[in-house]
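Hi everyone, thanks for making time this morning. I'd like to walk you through one chain, so please have a look at it with me before I start talking.

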Amino acid sequence: PYNCVKVKRAIGYPICYNVFDKKHIERVHLMTQIHFTLDKTELQALISNSGANEASQLILTKLFNVLMERQRDEYCNVTPYQRDDHRISQRNGYYERDLTTRIGTINLRVPRTRDGQFSTDIFERYQRNEKALVTTMLEMYVSGISTRKVGQVVETLCGKHVSKSYVSSITKLLDEEVTRFKERRIDKDIPYLMTDVLYIKVRENRRVMSKACHIAIGVDSKGFKTILGFMISDSESEDSWHTFYQSMINRGLGNVEMVISDAHQGQVKAIQKSFTESVWQRCQVHFMRNVMDKLPRKNTQEIRDEIKNLFRITDIDAARLYKTKLIDQHSEKYKKMCACLDEGFEDAFQYTASASTQYNRLKSTNLLERLNQEIRRREKVIRIFPNVESADRLIGTMLIDIDEEWSTSTRRYINYTHSDA
């Protein structure tokens with residue numbers, strides 16, 4: 001015989017009273033009134049006629065079915081075929097329901113009553129398991145595992161088939177959280193703003209199209225980094241950047257002292273329109289790459305080293321002298337390189353002009369580049385998004401996770417030393 005306590009332990013019911021709320025206590029009290037036994041011969045037959053894992057499932061199915069039957073008896077206040085004036089309701093057959101447990105999916109016969117009020121509490125604990133399973137699937141998806149592989153992993157671990165379309169439908173649960181993240185108020189002072197774009201591939205009208213994902217990172221007044229927002233558009237243009245910047249301004253972004261970005265023409269014009277009182281710092285990494293591209297590939301290592309030395313200088317006057325000397329020495333041989341360097345030099349060294357911006361980490365968008373690499377690492381598994389919504393969902397969720405990690409860190413991105421900090 002299997003007594004009540006053993007059954008409760010098998011299915012995870014609480015035994016102690018003092019650690020649960022009133023609802024739990026009443027449920028435990030109810031369970032202590034239910035006594036039943038299982039035929040030993042019947043159990044031995046279940047075991048002998050099945051494999052080890054199948055036997056466990058059959059035994060657990062039997063336990064659950066008998067337990068629910070006894071719960072219905074107690075609800076009706078009578079035993080089967082008993083005539084009593086204290087009867088509350090009548091039995092009304094069964095319906096089948098699958099339940100996913102740690103040993104696999106089992107099929108149960110759930111009792112019903114005529115009044116439709118009876119409800120077994122067996123499923124309450126396993127509803128938490130279902131929620132945990134959904135959460136696990138979402139975490140795998142956000143981590144960069146494809147929907148097809150998520151289904152395969154769940155089937156291997158739980159014995160439950162999950163189609164890739166089901167996983168895709170589950171991921172829509174993330175939409176509300178992503179929308180809240182995109183529309184949240186910016187309630188911090190953000191003196192430094194970094195922006196860049198990441199190109200992704202999306203299916204649209206049966207064609208694979210390239211889309212631009214605009215991303216913005218801010219460094220707040222205490223030196224901590226935060227993700228301010230993102231937006232997916234058809235292309236990178238002045239209008240798309242202006243829309244993106246205006247959306248952040250509408251959410252509370254203001255008093256930006258410096259904006260760091262590359263020299264995309266539309267982006268620069270949008271910065272000038274949206275942040276009229278801010279300084280634009282051209283990303284030195286992108287600029288140095290542009291300068292280097294004007295040089296021949298062979299026999300230019302010496303001039304390349306000199307250019308790198310120029311970008312290591314943090315004093316604006318010293319940098320100007322070195323730049324002038326470099327151009328004077330090489331203007332005849334490398335005219336295009338010198339013209340490019342001279343044209344973009346001042347924009348690339350704006351961060352050195354003031355004590356409040358003279359920090360090496362403000363001279364480039366390297367922070368954004370590392371963030372883009374992390375997104376690209378996870379996006380590489382998908383390769384082509386089925387639609388814009390799925391791209392918005394995955395990228396948004398990844399950015400939420402990264403931003404939460406940054407917000408809980410005690411490490412500052414910039415340790416301010418200027419007097420106004």
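**A walk through the chain**

So, the chain has 16 helices and 7 strands; helices here are DSSP runs of H or I with at least four residues, strands are runs of E with at least two, and both are numbered from the N terminus. Please keep in mind that this is a predicted model: local features need pLDDT of at least 70, side-chain atom pairs count only at pLDDT 80 or more, and totals for chains, interfaces and linings use all residues. Residues are numbered from 1 along each chain as its sequence is written, and side-chain values use heavy atoms, with hydrogens and water left out.

Two overall figures. Of the 421 residues in the chain, 45% are buried, where buried means under 20% relative accessible area, exposed means over 50%, and partly exposed is in between, with a 1.4 Å probe and protein chains only. If you take contacts between residues at least 6 apart in sequence, 63% of them join residues at least 24 apart; a contact means heavy atoms within 4.5 Å.

Now to the sheet. What is the order of its strands? The sheet is open, with 5 strands in the order β5-β4-β3-β6-β7 and mixed pairing; two strands pair if DSSP finds at least two bridges between them. At the edges sit β5 and β7 (279–282), each pairing on one side only. From one strand to the next, the twist averages 25 degrees. As a reminder, strands of a sheet pair through backbone hydrogen bonds, either parallel or antiparallel.

Let's go through the pairs. Strand β3 (residues 192–204) runs parallel to strand β6 (residues 258–261), with 3 bridges, and there Tyr192 faces Met258 of β6. The β3 and β4 hairpin has 2 residues between the strands, and in it Asn205 takes a positive phi near 55 degrees.

Ala216 also stands opposite Gly229 in β5, which brings us to the next pairing. β4 and β5 are antiparallel too, over 8 bridges, and Gly218 has Thr226 of β5 as its bridge partner. Their hairpin leaves 5 residues between the strands, and Gly223 in the turn has a positive phi of about 95 degrees.

Let me stay with β5, which is mostly covered: 8 of its 9 residues are buried. Helix α9 (residues 238–250) lies across β3, β4 (207–219) and β5, at about 135 degrees to β5. For angles like this, axes are lines fitted to C-alpha atoms, for helices over the stretch in contact, and the angles run from 0 to 180 degrees between N-to-C directions.

Within β5 (residues 225–233), find Ser233. Is Ser233 buried or exposed? Ser233 counts as buried because its relative accessibility is 13%. Its side chain makes a polar contact of 3.5 Å with the side chain of His214, and also reaches the backbone oxygen of Ser235 at 3.0 Å. By polar contact I mean a pair of N or O atoms within 3.5 Å; within protein, one must be able to donate a hydrogen and the other to accept it, and residues adjacent in sequence count only if both atoms are side-chain atoms. Beyond its neighbours within four places in sequence, Ser233 is in contact with Lys211, Ala212, His214 and Ser240.

Next, a helix pair. The axes of helix α13 (residues 316–330) and helix α14 (residues 335–348) come within 9 Å and cross at roughly 165 degrees. That makes α13 roughly antiparallel to α14, since angles under 35 degrees count as roughly parallel, over 145 as roughly antiparallel, 65 to 115 as roughly perpendicular and the rest as oblique. Residues making the contact include Leu326 and Ile327 of α13 and Leu341 and Phe345 of α14.

Finally, two loop asparagines. Asn77, in the loop between α4 (52–76) and β1 (91–101), has a positive phi of about 70 degrees although it is not a glycine. Asn77 counts as partly exposed, at 42% relative accessibility. Asn299 is in the loop between α11 (284–292) and α12 (301–310), and its phi is positive as well, near 60 degrees. At 78% relative accessibility, Asn299 counts as exposed.

That's my tour, and I'm happy to take questions!
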